[in-house]
Amino acid sequence: MQKILKRKLDNNLIMVFSNKPVQFLLVALVASIPYFGFANPAVDSLSVVNEPVAAHEAHAAPEKKEFNATELINDHIKDSHEFHIADWEGHPISLYLPVILWTNNGLEVFSAEAFHHDNTGEHVVDINGQKFVRFNEVIFYADKYEALAKEQRELGAFEFDARPLDFSITKNVFSMFMSALVMFFLFLVVARSYKKNQLAPKGLAGFLEPLVTFVRDDIARPNIGEKQYAKYMPYLLTIFFFIWINNLIGLIPFFPFSSNLTGNIYFTFVLALITFIVTTLSGNKDYWGHIFNTPGVPFWLAPIMIPVEIIGMLTKPFALMIRLFANITAGHIIILSLVSLIFIFETVWISPISGAFVLFMSVLEMLVAALQAYVFTLLSALFIGQAVAEHDHH
Amino acid sequence: MQLTSPESLIFWTTIIFVVFFILLRKFAWKPILGAVQSREESINNALASAESARLEMLNLTASNERILQEARVERDALLKEAREMREKMIADSKAEAQAQGERMIEQAKTAIAAEKNAAMAELKSQVSTLSLDIAEKLLKNELSNKEAQTKLVENMLGDVKLN
């Protein structure tokens with residue numbers, strides 16, 4: 001009797017595992033592709049670094065390059081003047097993006113190749129008689145860079161005297177252009193399909209229409225109200241899809257994706273600012289009345305109430321900006337940290353564990369990508385709804 | 001986190017987002033939302049008209065049923081009337097036929113009686129004429145033959161003697 005039971009149990013177990021073995025193997029294989037990408041160049045570059053060290057061992061003290069996880073993560077999440085694709089035999093292969101500078105002598109446009117991957121402020125680039133250096137992806141005038149203290153160099157992005165204004169097409173701008181073009185053609189195709197097909201939506205339209213109606217019926221309508229929502233639909237749809245698609249692009253770990261656009265605070269700042277402008281411009285009499293003359297509050301409290309209300313106006317978009325930035329950047333940092341474990345422990349045997357965790361995190365980040373787009377859109381709709389709400393005073 | 005030059009991304013994000021928004025609004029959102037809206041309306045209209053058609057159908061069925069019922073009642077009444085009329089007609093014609101028959105029999109009887117009387121009268125007159133003729137002939141014949149007459153008288157006289 002026991003034997004039979006045990007056999008049955010074993011069979012069941014085998015059944016469970018053999019249910020979808022092909023799919024499981026495929027998923028595991030696809031999920032592990034990025035780690036080959038991460039692992040191979042690093043090993044190559046290490047050996048390349050080691051060779052010259054071995055050759056020069058007689059002359060200088062051995063200069064062993066420590067793996068620095070912080071540096072790797074920072075390199076991946078920050079903006080850049082070139083799009084790093086891969087390393088080949090120790091040499092980085094990059095897509096050089098145009099550098100556009102508004103200098104003291106006017107506009108200068110040149111390729112980021114001129115910096116020769118230098119980010120330490122050592123390689124001086126001479127463009128039409130002006131000398132530039134690059135330190136941590138910030139371009140300075142070479143002479144003024146020399147005069148800066150170390151701390152000033154670290155925060156060089158805000159040393160506006162020491163550097164030209166930088167309007168370069170950076171990695172994030174490039175990625176944004178690409179996503180905007182792809183999305184534009186995507187939705188153009190969908191819009192066209194409605195002209196030909198008057199019946200139930202098919203294909204791409206069938207996939208995207210539920211999302212459009214979701215934004216309309218679950219975000220715009222309940223928060224803005226039946227009367228006004230139609231006016232704000234284009235804006236809400238645009239930010240929803242723009243944030244979502246760019247979040248997803250950031251999760252794909254190879255060229256031409258992988259940019260951390262939505263995890264960049266400048267990007268989220270602009271989006272939050274636009275929501276703030278839309279909210280402020282659509283504010284009706286009630287909205288401003290609540291700010292400058294809050295009903296039910298004695299007038300002598302106005303000196304406290306008005307600043308508090310104005311701060312309240314600003315904190316809402318500020319929270320939007322920080323929320324999106326922090327969520328997406330945190331996701332990138334966690335995934336990169338898990339990958340870095342392999343190099344920190346210097347063993348390949350950790351890779352199944354970190355791989356499993358990265359797979360889990362990547363799937364979670366896909367959820368977060370949609371969730372953050374939803375939250376940003378929802379809160380924008382909520383703020384707009386507060387601004388246009390018609391209060392019935394009792 | 002290392003911050004890079006803010007103006008680059010802020011500038012480009014603003015430009016790209018605004019242009020992207022305007023283009024999408026014109027070429028994508030307007031047609032898509034319009035199509036979705038009009039399709040929803042047409043679906044709602046179709047559902048409403050289906051519902052009204054269903055109600056109409058129900059009404060129609062009910063009135064059909066009513067008309068049918070009325071027709072059935074009318075048919076029954078008609079049938080009943082027809083049956084009554086038929087019975088009445090049969091009864092009438094039976095009575096008439098009987099009366100006529102009786103009348104005809106009566107006439108026939110009268111005619112027969114009259115004929116009989118006439119025939120009897122004629123027979124009587126014929127018989128008398130015939131009897132007279134016979135008697136005349138007999139007398140003529142008997143009287144022309146004297147011997148025979150005498151013989152006869154003798155015969156008769158002989159018979160009388162016996163008595």
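**Note on a predicted two-chain model**

1. A:Pro256 sits in the loop between helix 8 and helix 9 of chain A. The model is predicted. The peptide bond that joins A:Phe255 to A:Pro256 is cis, with omega about 0 degrees. Most peptide bonds are trans, so this one deserves a look.

2. Now the loop between strand 6 (130–135) and strand 7 (138–141) of chain A, where A:Asn136 is placed. A:Asn136 is not a glycine, yet its phi is positive, at about 50 degrees. A:Glu137 lies in the loop between strand 6 and strand 7 too. A:Glu137 also has a positive phi, of about 65 degrees, and is not a glycine either. Most residues other than glycine have a negative phi.

3. Is A:Glu137 buried or exposed? A:Glu137 has 26 C-beta neighbours inside 10 Å, so it counts as buried; the cut-off for buried is 20 or more. A:Asn136 has 17 such neighbours inside 10 Å, so it counts as partly exposed.

4. Next, chain A as a whole. Chain A holds 12 helices and 8 strands. It has 394 residues, and 29% of them count as buried. Take the contacts in chain A with a separation of 6 or more: 60% of them link residues 24 or more positions apart.

5. Helix 9 (residues 265–282) of chain A packs against helix 1 (residues 6–144) of chain B at an angle of about 45 degrees, with the axes 9 Å apart. That angle makes helix 9 of chain A oblique to helix 1 of chain B. The crossing of helix 9 of chain A with helix 1 of chain B is right-handed.

6. Which residues meet here? From helix 9 of chain A come A:Tyr266, A:Phe267, A:Phe269, A:Val270 and A:Ile274. They meet B:Pro6, B:Leu9, B:Ile10, B:Thr13, B:Thr14 and B:Phe17 in helix 1 of chain B. This contact has 9 nonpolar, 2 polar and no charged residues.

7. Last, a record to set beside the model. An unreviewed UniProt entry lists residues 6–24 of chain B as "transmembrane region". In the model, that span is 100% helix and 0% strand, and its end C-alpha atoms lie 26 Å apart.

Note on methods:
Residues numbered from 1 in each chain as written. Chains lettered and ligands numbered in written order. Predicted model: local features only at pLDDT ≥ 70, side-chain atom pairs only at ≥ 80, totals over all residues. UniProt positions renumbered as here; feature names shortened; annotations may be inferred. Helix = DSSP H or I, 4+ residues; strand = E, 2+ residues; numbered from the N terminus. Axes fitted to C-alpha atoms, helices over the stretch in contact; angles between N-to-C directions. Parallel < 35°, antiparallel > 145°, perpendicular 65-115°, else oblique. Left-handed = near helix turned anticlockwise from the far one by under 90°. Contact = placed C-beta atoms within 7 Å. Nonpolar A, V, L, I, M, F, W, Y, C, P; charged D, E, K, R; others polar. Buried ≥ 20, exposed ≤ 12 C-beta atoms within 10 Å, placed from the backbone.
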